[in-house]
Amino acid sequence: MIKVELRVNGQPVSREVDDRTLLVELLRGELGLTGTHVGCDTSQCGACTVKLDGAAVKSCSVLAAQASGGDVLTVEGLGGPDGLGEVQQAFVACHGLQCGFCTPGMMMAIDYYLDTDGSPDDERIHRALEGNICRCTGYVNIVRAVKHAAQARIAAGKPLGKANHG
Amino acid sequence: MDKLVGQPLPRAEDIRLVSGKGRYTDDVNLPGQAYGAFVRSPHPHAAIRAIDVQAALESPGVIAVLRGQDYLDDGHQGMDHIPNPADAVAFRERAFSQSSTGVIFNQRHLPLAVDRVRHVGEPVVLVVARSVREARDACERVEIDYDPLPAVVDAVQAMEEGAPQLWAGAPRNLCFQARIGEEEAVRRAFARARHVVRHEFRNSRVVNCQMEPRSALGSYDPRTGEYLLIAGSQGVNRQQLCMADALRIPPERLRVVSYDVGGGFGPRSCVNPDQLAVLWAARRVGCPVKWTSDRNEAFLADYQGRDQVIRAAMAFDEDGRILAMDNEIIGNVGAHTVSYVPLANGSRIMTTVYHVPAAAATLSAVLTNTPPTGPYRGAGRPEATHAMERMLDIAARQLGMDRIELRRRNLIRPQQMPYRSPMGLTYDSGQFAANMERALAVAEWDDAPARRQAARARGKWLGLGLANYVESPVGAPRERVELTVAPDGTIDCVVGTQSTGQGHETTFRQVLADELGVPFDAIAVRTGDTAFVKVGGGSHSDRSMRLGGQLLVEAAAQLRTAGAPVAAAMLKCGTEDVRFEQGRFVDPASSRAVGLFEVAARIERDGVPGQADVRRYSAAAEFNGRIPAHPTGTAVCELEVDPDTGDVEIVRYTSIDDVGRPINPQIVEGQVHGGLAQGIGQALLEDYQIDPESGQVFSGSYMDYGVARAGVMPARLDVELTEDRTQGNALGVKGGGESGITPATAAIFNALADALGDCWDGELPMPATAPVIWEAIRRAQGAQQ
């Protein structure tokens with residue numbers, strides 16, 4: 001067993017976990033944050049993407065112990081039903097989701113992408129989404145949502161390409 | 001109030017799903033639950049000599065190690081999938097009734113293999129332990145003594161004399177073999193034809209790849225004798241009936257719940273053995289048992305799609321008019337008799353949008369040592385469309401005709417409606433020619449030569465392909481809607497179809513809000529739980545709005561009728577005087593009105609006039625049958641091939657879709673996008689490889705199976721909805737869930753053939769990956785030198 005101490009969505013968390021515990025297992029199992037999903041076991045699909053210290057990571061490929069001392073943001077931290085964040089609002093506005101299973105990981109990857117790229121266009125967005133699979137939407141409306149969210153961020157006075165989190 | 005039907009409303013369910021508040025099966029836990037893990041067959045075909053569970057039982061945390069024999073010893077039986085579906089026309093009968101083998105084979109499917117395994121990944125042992133890790137560790141310690149048997153994975157080979165046999169009741173591995181259609185007329189037409197075109201198409205096997213790995217949480221209450229299964233699916237009622245039958249209990253003793261479902265696409269209509277195993281185990285071990293598939297298991301054990309060989313033959317007269325069609329369709333069923341739906345759909349629709357005076361087909365459903373196949377998005381219709389549209393391009397070349405002109409000559413004309421196809425479908429509507437002309441215009445087909453030249457200058461080979469399609473209204477024929485108006489201002493809607501991403505919580509409410517004149521937010525849609533959904537066919541085959549929408553309209557009308565006498569009593573006027581307007585019953589004489597919810601309050605207090613015991617303001621509408629609705633349209637694909645690498649870029653794609661009346665056009669367009677992505681995947685990327693020699697599966701994860709990612713979508717995508725409403729249902733809807741996928745592989749392959757020109761020798765395999773295309777180009781160029 002190993003002790004992990006980290007911040008999750010701004011809250012301090014401390015747990016004793018089995019050494020092998022993955023970050024996603026800590027989030028889903030110990031903390032009940034089931035918005036983060038597991039879609040594969042080879043880090044291909046991106047459904048488990050969260051932000052760790054401001055960077056998008058696949059939480060199925062990070063040990064909880066590795067995240068100790070870090071700051072984790074999950075989909076629940078992007079915004080709740082009464083206060084959706086820009087990326088979440090953009091997904092709703094653009095019909096960027098159907099079954100919704102890939103969506104939390106997709107949004108976390110996009111949230112990070114908008115932190116890091118000041119001039120999103122189709123090609124760059126496609127590249128940014130390379131690590132996230134969606135089987136429902138054909139990505140068309142996800143790409144629209146990225147652009148929509150980018151505009152919303154700019155309108156909110158949060159310039160693109162500069163980290164807003166972490 | 002503005003009408004909500006037809007508006008691109010944002011989806012109500014999205015608020016929950018984007019904020020991490022969705023409830024997929026693996027998100028749910030029950031107190032005291034244990035965890036299951038399966039030992040799966042490493043062999044495509046083997047006899048099980050012995051299973052030694054002792055070491056596994058002694059492994060830490062293990063509660064039970066369960067075998068198929070234990071299941072049988074408990075008095076249960078295998079699942080009856082009822083693979084032979086309700087007929088597309090005579091829905092009370094099964095699609096197939098005759099077979100040259102004398103039987104329509106249907107083998108019960110055990111949750112755990114007992115004496116023989118028939119595909120890699122088949123579950124053999126279920127280990128239940130205190131944690132997932134302990135269950136998986138113990139799986140490693142189960143000793144199974146296998147005696148490997150010869151295996152066959154290809155359906156054509158499996159039909160040959162001397163091929164390894166999977167089941168005693170299916171000689172030559174044939175579940176059935178049937179000849180359907182107008183034999184004599186077809187024979188005569190081929191005899192007098194000026195041109196006969198023949199070609200063989202192999203429609204590849206695809207993996208469903210819904211993003212949510214399947215999961216099941218079973219429990220059993222010994223006090224009530226009731227089972228509970230929480231498992232995402234495309235419809236709980238079928239799951240309930242099938243598993244209750246297997247457990248030999250009345251259906252009422254099994255409650256099946258499906259919360260949010262992370263993608264359906266067809267196969268999740270069927271019942272899976274691992275879910276039944278978990279349910280049974282829960283009773284056996286005395287606590288809830290949960291199992292969640294990993295992605296590798298999903299590649300081995302989820303029901304898969306397609307895998308058909310179509311040997312097509314078409315007869316033409318001297319003017320290029322189709323005289324007859326005769327297809328041999330060989331469907332790879334896999335190792336268990338799960339579904340004959342693709343063969344049923346594919347044969348009925350095989351003449352698609354063209355006037356084919358005579359048609360016949362030979363259908364073979366073939367067992368092989370592969371994971372079972374089920375209905376996958378379109379389920380036979382994309383396969384049929386692929387064969388038809390490729391045949392027309394091949395025929396045009398052979399006849400020396402323009403491929404669009406060949407289509408124009410053969411499309412069914414509006415004045416031929418209602419049109420009865422030689423396979424017995426009746427199309428009630430569809431502007432087939434207008435859709436094609438619109439697609440050509442939007443795609444700027446006639447200007448393609450200039451673009452082709454420009455591409456050549458950049459070293460790229462440009463190709464265009466077109467495909468017309470029409471679908472058939474099939475699926476489970478029975479559906480039910482229940483509406484209850486509550487005095488608190490809410491309307492409860494229970495329906496037997498359920499969303500796996502299609503947005504029913506939005507579209508059903510759009511319909512009801514209009515029908516009852518109440519706010520969208522006043523309506524709650526409840527689905528996916530046999531505790532309150534008593535009848536329902538689930539979501540597949542575009543049936544949800546076609547059947548569910550019709551029943552919403554009928555049930556709403558019943559509410560208006562039932563409320564009128566109550567309102568009349570409240571308004572002190574005659575029932576016949578009462579008019580229903582915008583959620584209120586109005587007496588025009590006095591201009592006084594009472595609202596729907598006030599009527600509900602009155603019924604709760606006093607009952608209905610003449611029926612004092614009725615205290616609920618509710619209505620139920622049920623249907624069992626077929627509603628004519630044939631979604632149709634045209635797709636045009638424009639792509640560029642890089643001859644140096646074989647890479648394909650879809651530069652432009654046009655989709656003209658007549659889904660009837662779109663309830664929510666944004667959702668319909670999303671369905672087109674998603675279907676297209678799956679079509680691109682099958683055409684160019686998704687390669688489920690099974691070694692023909694060893695029968696081993698080579699594609700076990702997303703690392704070696706190419707699901708479409710964002711970058712492969714067309715650089716320019718034009719989707720247009722046309723509307724030629726059907727009169728077959730009150731809303732005029734046809735359906736939109738399969739519109740994107742049905743023409744996609746055909747349009748892409750026609751474009752590829754066009755781009756490759758003389759380098760296209762025979763037929764490229766699906767998927768036509770970059771190495772496949774590169775190889776074809778090299779071969780052709782080598783042959784020229």
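Okay, before anything else, one definition: when I say two residues are in contact, I mean their C-beta atoms, placed from the backbone, lie within 7 Å. Keep in mind too that this is a predicted model.

With that in hand, let's go to the place where the two chains meet. The contact draws 45 residues from chain A and 43 residues from chain B. Which helix of chain B gives the most to the side that touches chain A? That's helix 18, with seven residues.

Now chain A on its own. Along the sequence, the elements run β-β-α-β-β-β-α-α-α-α-α, and that gives six helices and five strands. The radius of gyration of chain A is 15 Å, close to the 15 Å the globule rule gives for 166 residues, so chain A is as compact as a globular protein of that length. If you like boxes, the C-alpha atoms of chain A fill one of roughly 45 × 35 × 30 Å along the principal axes. Of the 166 residues of chain A, 58% count as buried. And if you take the contacts in chain A with a separation of 6 or more, 63% of them join residues 24 or more positions apart.

Chain A also comes in two pieces: domain 1 covers 2-76 and domain 2 covers 86-155. Their C-alpha centres lie 21 Å apart. Where they touch, domain 1 of chain A puts in 16 residues and domain 2 of chain A puts in 14 residues. On the domain 1 side, strand 3 (49-52) and strand 4 (55-58) of chain A each supply at least two residues. Strand 3 of chain A has the largest share of that side, three residues. By class, the domain 1 side has seven nonpolar, eight polar and one charged residues.

In soluble globular proteins, nonpolar side chains tend to be buried together. Here, the largest nonpolar core has 194 residues, and those with the most contacts inside it are A359(B), A747(B) and I748(B). Helix 19 of chain B, residues 744-756, gives the most to this core, with 10 residues. Domain 1 and domain 2 of chain A both give residues to this core as well, so the core lies between them.

Let me zoom in on A359(B). Leaving out residues up to four places away in sequence, what does A359(B) touch? The partners are G181(B), E182(B), V186(B), A324(B), M325(B), M350(B), T351(B), P422(B) and M423(B). There's also a second, separate core of 104 residues, and C270(B), L276(B), A281(B) and L559(B) are among its members.

Last stop: helix 10 of chain B, residues 341-348. Is this helix mostly covered or mostly open? Mostly covered: eight of its eight residues are buried. For anyone clicking along, these are V341(B), P342(B), L343(B), A344(B), N345(B), G346(B), S347(B) and R348(B). So much for the list; what does the covering? It includes strand 7 (174-181), strand 13 (305-316), strand 14 (322-334), strand 15 (358-367) and helix 11 (381-399), each of them in chain B.

That's my tour, thanks.

Note on methods:
Residues are numbered from 1 along each chain as its sequence is written. Chains are lettered from A and ligands numbered from 1 in the order in which they are written. This is a predicted model: local features need pLDDT of at least 70, side-chain atom pairs count only at pLDDT 80 or more; totals for chains, interfaces and linings use all residues. Helices (H or I, at least four residues) and strands (E, at least two) are DSSP runs, numbered from the N terminus. Domain bounds come from an automatic or database domain assignment. Ala, Val, Leu, Ile, Met, Phe, Trp, Tyr, Cys and Pro count as nonpolar, Asp, Glu, Lys and Arg as charged, and the others, Gly among them, as polar. A nonpolar core is a set of buried Ala, Val, Leu, Ile, Met, Phe, Trp, Tyr and Cys residues joined through C-beta atoms within 7 Å. A residue is buried if 20 or more other C-beta atoms lie within 10 Å of its own, exposed if 12 or fewer, and partly exposed in between; C-beta atoms are placed from the backbone. The radius of gyration is taken over C-alpha atoms; the globule rule is 2.2 Å times the number of residues to the power 0.38.
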